[in-house]
Amino acid sequence: QVQLVESGGGLVQAGGSLRLSCVASGKILNIISMGWYRQVPGKQRDLVATFANDGSINSASSVKGRFTISKDNAKNTVYLQMNSLRPEDTADYYCHAREYVGSNQYRTYWGQGTQVTVAS
C-alpha cells in the first residue's frame with residue numbers, strides 16, 4: 001500500500017501563489033508517476049499535472065505557464081507550484097500516484113485532498 005499526504009492548500013487572492021506538497025510513503029518502489037488532480041464539488045476530478053519516472057510531464061492546458069510540477073525523489077515528494085491563481089482554480093486538489101503491480105496492471109492511489117480557494 002501507498003499513502004499520500006498533501007499539504008499547502010489555503011485561501012489566496014487572485015494573482016497570488018500557493019505551493020502544494022505531497023509525500024508518499026509505504027510501498028513506493030513501484031510508483032511510476034505522481035501528480036495532481038482537482039475537483040469542484042459536483043463535477044468530475046480533472047488532471048492538473050503529472051510527473052512520470054521517465055521525466056515526462058503531462059499538464060492541463062488551463063494551467064500551463066502558471067503551474068509547475070516538480071519532484072524530489074530523495075524525499076518521495078511531489079510539488080505543485082501555483083502562480084497567477086484565478087478564481088476558477090478554486091477546487092479540492094488531490095495527490096495521485098500510479099503503481100505498476102505487474103502483468104500490465106496498475107493501481108491508483110489518492111491523497112485525502114487539500115482545499116484551494118482563490119478569492120476575486
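Guide: Two strands pair if DSSP finds at least two bridges between them; helices (H or I, at least four residues) and strands (E, at least two) are DSSP runs, numbered from the N terminus. This is a predicted model: local features need pLDDT of at least 70, side-chain atom pairs count only at pLDDT 80 or more, and totals for chains, interfaces and linings use all residues. Residues are numbered from 1 along each chain as its sequence is written, while side-chain values use heavy atoms, with hydrogens and water left out.

Visitor: Which residue in E3 is the bridge partner of Ser7?
Guide: Strands E1 (residues 2-7) and E3 (residues 18-26) run antiparallel and are joined by six bridges. In E3, the residue bridged to Ser7 is Ser21.

Visitor: Which residue in E8 stands opposite Leu18?
Guide: E3 pairs with E8 in the antiparallel sense, over six bridges. Opposite Leu18, the residue in E8 is Met82.

Visitor: What radius of gyration does the protein chain have?
Guide: The protein chain has zero helices and 11 strands. The globule rule (2.2 Å times the number of residues to the power 0.38, with the radius taken over C-alpha atoms) gives 14 Å for 120 residues. The chain comes close to that value, so it is as compact as a globular protein of that length, with a radius of gyration of 14 Å.

Visitor: Which residues have the most contacts inside the largest nonpolar core?
Guide: A nonpolar core is a set of buried Ala, Val, Leu, Ile, Met, Phe, Trp, Tyr and Cys residues joined through side-chain atoms within 4.5 Å, where buried means under 20% relative accessible area, exposed over 50% and partly exposed in between (1.4 Å probe, protein chains only). The largest such core has 28 residues, and those with the most contacts inside it are Leu4, Met34, Trp36, Leu80, Met82 and Tyr93.

Visitor: Is Glu99 buried or exposed?
Guide: Glu99 sits in strand E9. Beyond four places in sequence, its contacts (heavy atoms within 4.5 Å) are Lys27, Asn30, Ile31, Gln105, Tyr106, Arg107 and Tyr109. Because its relative accessibility is 6%, Glu99 counts as buried.

Visitor: With which side chain does the side chain of Glu99 make a polar contact, and at what distance?
Guide: A polar contact is a pair of N or O atoms within 3.5 Å; within protein, one must be able to donate a hydrogen and the other to accept it, and residues adjacent in sequence count only if both atoms are side-chain atoms. For the side chain of Glu99, the partner is the side chain of Tyr109, at 2.8 Å.

Visitor: How far apart in space are Glu88 and Val118, C-alpha to C-alpha?
Guide: Glu88 lies in the loop between strand E8 (77-82) and strand E9 (91-102), and counts as exposed because its relative accessibility is 55%. Glu88 and Val118 are 30 residues apart in sequence, and their C-alpha to C-alpha distance is 7.6 Å.

Visitor: What is the phi of Asn76?
Guide: Most residues other than glycine have a negative phi. Asn76, in the loop between E7 and E8, is partly exposed because its relative accessible area is 30%. Although Asn76 is not a glycine, its phi is positive, at about 50 degrees.

Visitor: What value is the phi of Ser103 near?
Guide: Ser103 lies in the loop between E9 and strand E10 (105-110). With a relative accessible area of 66%, Ser103 is exposed. Its phi is positive in a residue other than glycine, near 55 degrees.
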